[in-house]
Amino acid sequence: MKIVIAQMKHETNTFSPVPTPLTRFGRGGLGPLEGDAALKAFRGTGTGIGAMIDAASAAGAEIVLPIAANAAPSAPCSDATYEYIASRICDAVAAGCDAVLLDLHGAMVTESLEDGEGELLRRLRKIAPQVPIGLALDMHTNLYPAMAEYASVVAGYQTYPHVDMYQTGMRAAQPILAMLAGKSNPVIAWGQRPMIPHVMRQASDDLPNRVLQSRAQAMEREGALAASLFVGFPHADIMQAGLSAVVVTDGDPALARRLCDELLDAAWAARSDFIYRLEPLEDSLVRARQLSISAPGSGPIVLLDHYDNCASGGTMDTMTVLERIIEAELDNVAAFAICDPWAVQQMIAAGIGASLTLPLGGKLDMPAIGRSGRPLTLTGRVKLVSEGVYLNRGPMARGERTDMGHSVVFDTGRVEIAVISRHVEPHDIACLRTLGIDPSEKAFLMLKSRIHWRAGLKQVARAVVECAGEGVCTSDYSTLRFERLRRPIYPLDPMP
Ligand SMILES: [Zn+2]
């Protein structure tokens, strides 16, 4: 038995100015891993593709792994990049196999395509009309019909932060293996509702998504092969951005339809609970200072710079929130991170212990939201220089190697700023520990993140204050110009 396993992951922010070359699809800017190198890198990791490798190995299958391509979110990827990745997968399937397991994101836009994954599936079905295909998808999938119609099994993350990548890979793989053994007959129902839930309200430990995802999990305990509610990725001006669901049952299309509609109806009924209410940045900082005095417990007050999350296409170099923190003279602060490879090189050239003044961040313009890059000139001391490489401790993507590129801790006296060379969202405590920062000893911790920081850092936080800064993953959706998104859609338009 031969199984083709591959990864093609990109969450495309169509408002992002961050380019998406092929080199971005692998750690260290070296591009995707292929063949044995990919197998070695992902075997034993807590990832979707890691689970697929484990499941296929346990079934005694021969594994063919043509490519593992995973890029941090950014602008639509070039056609040439897409064609390279897709053709590696298609060629492997064309060589013959018994099944295909794909670890995809489900929100990949290219220069020419709104649904990169749907097009991949369409091509695979032409090559191998009957071969079982299992998909693991991110909860931020923007579902297009081809994904559900051409796949045999679809399983999406049921947690946000995504701490169930491995389980999702298994939920995609096991029904496919059962199918090969003649023990299951997966049938799919899918659907959408005209709504774009706000990202800041999508966490699966908050309402309403906690209840919605636990219902999907219950459906699987009650016999569905996979039940997935996708909250969607709103920073994509494409027709099908928004909420959707897919339910797979064993040979019972009516049940799949009923369960899928139940998830969609429950989400639609809760639509007003997905609305996020903004707080002016000035008020947030006043509140943060008050909390540092009054909040019980120990550990830092987390200041969440949620408009500039690189794991949603943010440039990770807008300086608004950090500037206000410095102006407010908050003390004993750590900030993760400003991605500015130029500044890192200046600091490394100056050397550990050197003091210097330089324009930090603000290197990328953001034309889609009408903003220019605006650096902040700061004076500080180079406290630490690092290669910037670590293994995730988990629970998210446990064991996966992460590469921030050359990294520096720049100490302004009150604030220790992590300055890094590649986009890495702080979802794992190792990103700070690698740079010699113990977050539990800080009074404030500024993070460029939205929900994923909770995976590895929530346990050290005394309280959290969401800070409305600046960036292409803005939480003020009224500033995004949607031209291709289907309308009307809640809450952008009045809905009956
Ligand atoms: Zn996601």
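In the predicted model, M316 lies in the loop between β10 and α10 (320-327). Although M316 is not a glycine, its phi is positive, at about 60 degrees. M316 counts as buried because 26 other C-beta atoms lie within 10 Å, and the cut-off for a buried residue is 20 or more. A positive phi of about 55 degrees is also found at E329, again a residue that is not a glycine. E329 belongs to the loop between α10 and β11 (333-339). E329 is exposed, because it has 10 C-beta neighbours inside 10 Å and the limit for an exposed residue is 12 or fewer.

Two cis peptide bonds can be described next. One joins Y160 and P161, with omega at about 10 degrees. P161 is placed in the loop between β6 (153-156) and α6 (165-180). Another cis peptide bond joins R487 and P488, where omega is about 0 degrees. P488 is in the segment that comes after β19.

The chain is divided into domain 1, residues 2-274, and domain 2, residues 281-475. The centres of the two domains, taken over C-alpha atoms, are separated by 30 Å. Domain 1 gives 25 residues to the contact, and domain 2 gives 34 residues. On the side of domain 1 that touches domain 2, twelve residues are nonpolar, twelve are polar and one is charged.

Helix α1 covers residues 35-42, and within this helix A38, A41 and F42 are buried. These residues lie on the same side of α1, because they cover an arc of only 80 degrees around the axis. The exposed residues D36 and K40 are carried by the face of α1 turned away from the buried side. Among the elements that cover the buried residues of α1 are α2 (48-58) and β3 (68-70). G44 follows α1 and has a positive phi near 85 degrees.

Strand β4, residues 99-104, is mostly covered, with six of its six residues buried. β4 pairs with strand β1 (residues 2-9) in the parallel sense over six bridges. In this pairing, I5 has L101 of β4 as its bridge partner. β4 also pairs with strand β5 (residues 133-137), in the parallel sense and over four bridges. Here L101 has G134 in β5 as its bridge partner.

An open sheet is formed by three strands in the order β7-β9-β8, with antiparallel pairing. β7 (186-192) and β8 (226-230) stand at the edges with a single partner strand each, so one side of each has no neighbour in the sheet. On average, neighbouring strands of this sheet are turned by 10 degrees against each other, direction ignored. Five bridges link β8 and strand β9 (residues 244-250) in the antiparallel sense, and F230 stands opposite S244 in β9. Helix α7 (residues 209-221) lies across β8 and β9 and runs at about 165 degrees to β8. Helix α8 (residues 253-269) lies across β7, β8 and β9, and its direction is at about 30 degrees to β7.

Another open sheet has eight strands, in the order β12-β13-β16-β17-β11-β18-β10-β19, and its pairing is mixed. Its edge strands, β12 (355-360) and β19 (463-467), each pair on one side only. Neighbouring strands in this sheet are turned against each other by 30 degrees on average, direction ignored. Within the sheet, strand β10 (residues 301-305) and strand β18 (residues 444-447) pair in the parallel sense over four bridges. The bridge partner of L304 is L447 in β18. Helix α9 (residues 281-294) packs on the sheet and touches β10, β18 and β19. The direction of α9 makes about 165 degrees with that of β19.

Helix α9 includes E282. E282 is exposed, because it has 11 C-beta neighbours inside 10 Å. From C-alpha to C-alpha, E282 and V321 are 9.8 Å apart in space, and they are 39 residues apart in sequence.

Methods. Residues numbered from 1 in each chain as written. Predicted model: local features only at pLDDT ≥ 70, side-chain atom pairs only at ≥ 80, totals over all residues. Helix = DSSP H or I, 4+ residues; strand = E, 2+ residues; numbered from the N terminus. Arc of directions from axis to C-beta. Contact = placed C-beta atoms within 7 Å. Pairing = 2+ DSSP bridges. Axes fitted to C-alpha atoms, helices over the stretch in contact; angles between N-to-C directions. Domains from an automatic or database assignment. Nonpolar A, V, L, I, M, F, W, Y, C, P; charged D, E, K, R; others polar.
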